[in-house]
Amino acid sequence: MQNYAEEIRHFMESHVSGILAALIAAGVFSFVSGVVVLAFRRWMAGRACRSKARLDGKTVLITGANTGIGKETALDLACRGARVILACRDMTKAHSAAEEIRQCSGNGNVVVKKLDLASLQSVRDLAKDIQENEERLDILINNAGIMRCPKWQTEDGFEMQFGVNHLGHFLLTNCLLDLLKKSSPSRVVIVSSLAHERGRIHFEDINLDKDYNHSESYRQSKLANVLFCRELATRLQGTGVTVYSLHPGVIRTELVRHLFPSFALWKRIIVMPVMMMIKTPKEGAQTTIYCAVEESLANDSGLYYSNCAVKEPAAQARDDAAAKKLWDLSASMVGLA
């Protein structure tokens, strides 16, 4: 054993320069790798909204604001002085989120209202409540959503992702248009996704009853968001109400709760480190906040945004005929004249 130790010591003494070089190289590699990782993480975080606009005296309604980017958006707008309404399905989480927002922002004017976007009656009930009890509505943020869930149906029999992500918000927005017009200049902000680029509207089978695929359903609903924004902006020209759709980025939120459990173990092992590199909810909320408050956007409407800047959406999202056709179909499905 002693001879073995001596041999090791002799080898190290004889090759000290080579060992030092190897250690330095390893250190340099680790340093460079760390710099690359940090740079990539910063790039993934994206731009932040730099607007200092105040919202004192303004009222904001945000759907799905009890968690994720909705909650972070609510916190930011509360810090700007707005009256913030959290419209949520889970009232326990909503009240908890509202109290946290009040404490963090110092703004006590944060309220909770019930909204289940999978129920058209719930949407109408909320709209009636807002119309009867709110004097104004300056910003409506259609944020809530569901992602890649199984083949579920809404209370009214619609495919869940299309029903929640599009139809519920379509009805809510239309029901609140008079109050938005009365409060003008006002804004409607619609949270879509980059997923719209691979989507298409299945007009012949809108609920995907013939061949359901959770990813295809999600992409359809996100394309519907962008088309809704485009047609709504056209219909609201000259009213003082402007409309914006956006991609918030890839974010660590509860939205992927239906997706992650379906992964094989090896996929989860690969995905977990990647999840640490993508946007936090606060980072993911920046483009929503930008569309809600940025002063330079006051005269823009119907555009699509990503990373706090205008971005051209996919070709199928710029189809005016499809946007009108979707509007007419949606109005028929939710019972609007």
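Visitor: Leaving aside its neighbours within four places in sequence, which residues is Glu216 in contact with?

Guide: Contact means heavy atoms within 4.5 Å, and on that basis Glu216 touches Arg198, Arg200, His202 and Leu208. Please keep in mind that this is a predicted model, in which local features need pLDDT of at least 70 and side-chain atom pairs count only at pLDDT 80 or more, whereas totals for chains, interfaces and linings use all residues. Residues are numbered from 1 along each chain as its sequence is written, and side-chain values use heavy atoms, with hydrogens and water left out.

Visitor: Is Glu216 buried or exposed?

Guide: Buried means under 20% relative accessible area, exposed over 50%, and partly exposed in between, with a 1.4 Å probe and protein chains only. Glu216 has 17% relative accessibility and therefore counts as buried; its place is in helix α8, where helices (H or I, at least four residues) are DSSP runs numbered from the N terminus. Asn225 also has its place in helix α8, and at 2% relative accessibility Asn225 counts as buried. With neighbours within four places in sequence left aside, the contacts of Asn225 are Asn165, His166, Ile190, Val191 and Ser192.

Visitor: How should I read the packing of α8 and α12?

Guide: Two packed helices are described by the angle between their axes and the distance between the axes. Here α8 (residues 214-235) and α12 (residues 320-334) pack at about 90 degrees, with axes 9 Å apart; axes are lines fitted to C-alpha atoms, for helices over the stretch in contact, and angles run from 0 to 180 degrees between N-to-C directions. The two helices are therefore roughly perpendicular to each other, a label given to angles of 65 to 115 degrees. The contact includes Leu227, Phe228 and Arg230 of α8 and Ala323, Lys324 and Trp327 of α12.

Visitor: Which aromatic cluster does Phe228 belong to?

Guide: A pair of aromatic rings is described by the distance of the centres and the angle of the planes. Rings of Phe, Tyr and Trp (its six-membered ring) pair if their centres lie within 6.5 Å, and planes under 30 degrees apart count as stacked, over 60 as edge-to-face and the rest as tilted. By this rule there are 5 aromatic pairs. The ring centres of Phe170 and Phe228 are 5.2 Å apart and their planes lie at 55 degrees, so the pair is tilted; it links Phe170 in helix α6 (residues 160-175) with Phe228 in helix α8, 58 residues apart. Phe170 and Phe228 are buried, and together with Trp327 they form one aromatic cluster.

Notes: Parallel < 35°, antiparallel > 145°, perpendicular 65-115°, else oblique.
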